[in-house]
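Subject: Structure for you to look at

Hello,

Here is the structure that I said I would pass on to you. Please open it beside this message and read the notes with the model in view.

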Amino acid sequence: MAEATTKSGPGRALIALYVLFAIAATSRSAVQIATKFSEAPLAYVLSAVAAVMYIVATVGLLRGDSVSRRIVTVSCAVELAGVLIVGALSLLRPAWFPDATVWSEFGIGYMFIPLVLPVLGLLWLRKTATR
Amino acid sequence: MIDVLSTALIVATLLAAAWLTVYVALGRWLEVSKRDVLALLALVVAVLIGLIVQAVYGVVAVSTAGRNIESATFVAYLIGTPVVLILAAYWSLTERSRWGPGVLLIGCVAATVMVVRLHQIWSPHG
C-alpha cells in the first residue's frame with residue numbers, strides 16, 4: 001500500500017535543500033563560534049539556532065512518521081518566525097549584528113532561500129498529510 | 001589557486017545545471033540506461049574529479065602559503081563541495097521523477113556557488 005511519504009517527489013528536493021543548509025549553517029556557525037565568538041555573539045548564536053532547525057527539519061522529513069511530522073511542523077513554524085524576526089531586527093537594529101547570520105535581512109545572503117524554505121516545508125507537510 | 005581549474009569547474013557545473021534543468025522541465029528522471037543521462041553523469045564525474053584535485057591542491061596551498069586567509073572556512077568549502085555533489089548525485093539516482101534531476105540540480109548550483117566562494121576567499125582582490 002503506497003502512503004504519501006515526505007521524502008519522495010518534490011519532498012526529495014526540499015530535503016536536499018534542508019541538508020545543504022544544515023551543512024552550511026552548522027559549519028559556518030561552528031567556525032564562527034570557535035574562532036571569533038566575541039565579535040558578534042548574538043549573530044553567531046542565532047546562526048547556530050538556525051543550523052539546529054535545519055537539522056531537525058532534515059531528520060524529521062526523512063523519517064516522515066507522524067511524530068516527526070509534528071516536530072517538523074513546529075520547527076518550520078519557529079524557523080519562519082525566526083527568519084522574519086531576525087530579518088527585521090537586522091534591518092532595524094544593525095548594531096546588534098556586527099556580522100551576518102543566515103537569517104540576516106531575510107536570508108538575502110542566500111538568495112532568500114532561508115525565507116522560502118520553512119514555507120515550502122509547511123506546504124509540503126500539508127500536501128503529504130494523510131486523512 | 002588554479003584559476004583555470006576553478007573557471008572550468010564553474011563552467012562545467014553551470015552546464016550540468018542547465019542540462020538538468022531541461023530534465024526537470026521535461027519531467028524525465030535519471031534513467032542510467034539512457035545515453036544522454038550517462039553523458040550528463042560523465043560530466044558530473046569529471047566535475048567531481050576536478051573538485052577533488054582542487055581540494056588537494058587547495059589544502060596544500062593553504063598550509064604552505066603565507067597568506068592571511070580564513071583557512072578553516074577555506075578547507076571546509078574545499079572538502080564540502082565534492083561531498084555535497086556526491087550526496088546529491090547518489091540521492092538523485094533513486095528518485096524516478098523529475099525530482100531526481102531536481103536534487104542533482106540543487107547539488108550542481110550549490111557546487112557552483114561554493115567554487116565561486118572559494119575563488120573569492122583565495123583572491124579577494126580579484
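Predicted model: local features only at pLDDT ≥ 70, side-chain atom pairs only at ≥ 80, totals over all residues.

Residues are numbered from 1 along each chain as its sequence is written, chains are lettered from A and ligands numbered from 1 in the order in which they are written, and side-chain values use heavy atoms, with hydrogens and water left out.

Taking contact to mean heavy atoms within 4.5 Å, 13 residues of chain A are in contact with 12 residues of chain B. The two chains bury about 1200 Å² between them, 79% of it on carbon and sulfur atoms; buried area is the accessible area (1.4 Å probe) that two parts lose on being put together, summed over both. On the chain A side, Arg12(A), Leu20(A) and Val31(A) lose the most area to chain B, and together they make up 43% of what that side buries.

Across this interface the rule finds 1 salt bridge, that is, a side-chain nitrogen of Lys or Arg within 4 Å of a carboxyl oxygen of Asp or Glu. Its partners are Arg12(A) and Glu95(B), whose closest N and O atoms are 3.4 Å apart. The pair runs from helix 1 of chain A to the loop between helix 3 and helix 4 of chain B, where helices are DSSP runs (H or I, at least four residues) numbered from the N terminus. Over all chains, the structure holds 5 salt bridges.

The largest pocket has a volume of about 920 Å³. A pocket is found on a 1 Å grid over the protein atoms alone, as an open set of points where a 1.4 Å probe fits, with protein on both sides within 12 Å along at least five of seven lines, and lining residues have an atom within 4 Å of a point. The lining has 28 residues, of which Ala24(A), Tyr110(A), Tyr77(B), Met114(B) and Arg117(B) lie nearest the centre of the pocket. Helix 1 of chain A gives the most to this lining, with 10 residues, and helix 3 (71-92) and helix 4 (99-122) of chain B each supply at least two.

With best wishes

Notes
Points joined across faces, edges and corners; volume = space filled by probe spheres on them.
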